[in-house]
Amino acid sequence: MASKVYFANLRINSGSLLDRAEKVLTQAGFAKIIAPRDLVAIKLHFGESGNLAYIKPPYVRRVVEMIKKLEGRPFLTDANTLYVGTRANSVDHLETAIQNGFDYAVVGAPLIIADGLTGKDYVKVKINGDHLKEVNIASNAYHADAMVVMSHFKCHELTGFGGALKNLGMGLGSRSGKQQMHSDVLPSVFDKKCTGCAKCMEWCPADAIAMQAWDGNKKGRKAVIMADKCWGCGECIVSCKFGAIRPNWKTRPEASQEKMAEYALGAVQNKADKTIYINFVTDISPECDCISHNDFPIVQDIGFLASTDPVALDMACVDMVNRMPAMPGSVIEGLAAGEDKFRAVHPDIDWLPQLVHAEKIGLGSRQYELIGK
């Protein structure tokens, strides 16, 4: 059966963009998931320091206001990152969130990092997955009564695209959970592209990268990844500006996506009927918001989509992006409407497995009915 996905474009006939975002959430059944005195987690990505593509705080404030009108008690949350950046522990994470505009004075709700000070505060949730029978879900999100998942829809280096499923699964896995999801990726260095800048070393959380002498490099050195230390988090891939590091899958490339879907299942295990999703298909950047910068959008801004089905929601977003022509000046400039934008940006990645597996394990349906314009 097709799931309903509600859509609002960015054309303003009356009201504001905030009104249009509220409208699609309301149409999707927002009021049904929140009861008086519910503790409501608003799952966000607060943006890495230096990245500006994340969801704008005024949209979050509107969702906070919607929850309060229903007598719920909202809080903003995300789990700590596996990689070394500005969100790997609660202190740095909160400082980054506040610097990016997610302060109480702006959004009207407290910020609570979901997996504690150093990412070790999680609940072991039993699931019946193909890869995993137990997942480590950030405790403060797990113990919430209801959840609103607000996702910035964009490309991603390891999953092709990042939407509701990635925000939910990868985003609410504890640091150990993130390592578990990434464990099938062992990056490798393309010698001729490596400039020896050592940026990958700076961001590697496992201390698995060394620099060694190499005559073919102007600086006389290149990066080497030590497989016995590598966790497979993929942060070196993200941090390399020269495309010198690519994923090298230990098993099937789709395994990490499938485990991410299983983590998403665990994240809503106790609140399947108390979760709603909204994707912001704007500033559709070629890489994740975890990077300390954001590139020119690959297509023009499209709008807001909301649903209680994360699989249908992400599928609809993929289809809408792919129906657009590429933006002039973007990394895929010239790509025609109807062509796969995500595979064009990351040709080594097939994005479909996350959706296929999420559907298989009961998270939702890839069949959708798009309502709105």
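Visitor: In which helix is the place of Asn167?
Guide: With helices (H or I, at least four residues) and strands (E, at least two) taken as DSSP runs numbered from the N terminus, the place of Asn167 is in helix H7. This is a predicted model, in which local features need pLDDT of at least 70 and side-chain atom pairs pLDDT 80 or more, while totals for chains, interfaces and linings use all residues. Residues are numbered from 1 along each chain as its sequence is written, and side-chain values use heavy atoms, without hydrogens and water. To return to the element asked for, Asn167 belongs to helix H7.

Visitor: Is Asn167 buried or exposed?
Guide: Relative accessible area, computed with a 1.4 Å probe on protein chains only, decides this: under 20% is buried, over 50% exposed, and anything in between partly exposed. Asn167 has a relative accessible area of 9%, so Asn167 is buried.

Visitor: Which residues is Asn167 in contact with, leaving aside its neighbours within four places in sequence?
Guide: Contact requires heavy atoms within 4.5 Å. On that basis, and with neighbours within four places in sequence left aside, Asn167 is in contact with Lys43, Leu44, His45, Val149, Met150, Ser151 and Leu172.

Visitor: How many of the residues of helix H7 are buried?
Guide: Helix H7 runs over residues 164–172 and is largely enclosed by the rest of the structure.

Visitor: Which residues touch the most other members of the largest nonpolar core?
Guide: A nonpolar core is a set of buried Ala, Val, Leu, Ile, Met, Phe, Trp, Tyr and Cys residues joined through side-chain atoms within 4.5 Å. The largest such core has 61 residues, and its largest share, nine residues, comes from helix H12 (residues 310–322). A second, separate core of 36 residues includes Tyr6, Ile34, Val148 and Met150. In the largest core, the residues that touch the most other members are Leu168, Ile302, Leu305, Val321 and Leu363.

Visitor: Which residues does Val321 touch, not counting residues up to four places away in sequence?
Guide: Val321 is one of the residues that touch the most other members of the largest core. With residues up to four places away in sequence not counted, Val321 touches Phe153, Val281, Ile284, Ile298, Val299, Ile302, Lys341 and Phe342.

Visitor: Why is the pair of Phe153 and Phe342 given its name, and what is that name?
Guide: Rings of Phe, Tyr and Trp (its six-membered ring) pair if their centres lie within 6.5 Å, with planes under 30 degrees apart counted as stacked, over 60 as edge-to-face and the rest as tilted. The structure holds 10 aromatic pairs; in this one the centres are 5.9 Å apart and the planes stand at 90 degrees, so the pair of Phe153 and Phe342 is edge-to-face.

Visitor: How many residues apart are Phe153 and Phe342?
Guide: Phe153 is buried at 0% relative accessibility, and Phe342 is likewise buried at 0%. Ring pairs also link both of them with Phe161 and Trp351 into a cluster. Phe153 lies in the loop between strand E7 (146–152) and strand E8 (154–156) and Phe342 in helix H13 (residues 341–345), and this link between distant parts of the chain joins residues whose separation is 189.

Visitor: What is the distance between the closest N and O atoms of Lys259 and Asp184?
Guide: A salt bridge places a side-chain nitrogen of Lys or Arg within 4 Å of a carboxyl oxygen of Asp or Glu, and the count by this rule comes to 21. Lys259 in helix H11 (residues 255–267) and Asp184 in the loop between helix H8 (175–182) and strand E10 (188–189) are 75 residues apart. Both Lys259 and Asp184 are buried, and in their salt bridge the distance between the closest N and O atoms is 2.7 Å.

Visitor: In which helix do Lys199 and Glu202 both lie?
Guide: The side chains of Lys199 and Glu202 meet in a salt bridge of 3.7 Å, N to O, and Lys199 is partly exposed, with a relative accessible area of 29%. Lys199 and Glu202 are three residues apart, about one turn of the helix, and both lie in helix H9 (residues 199–203).
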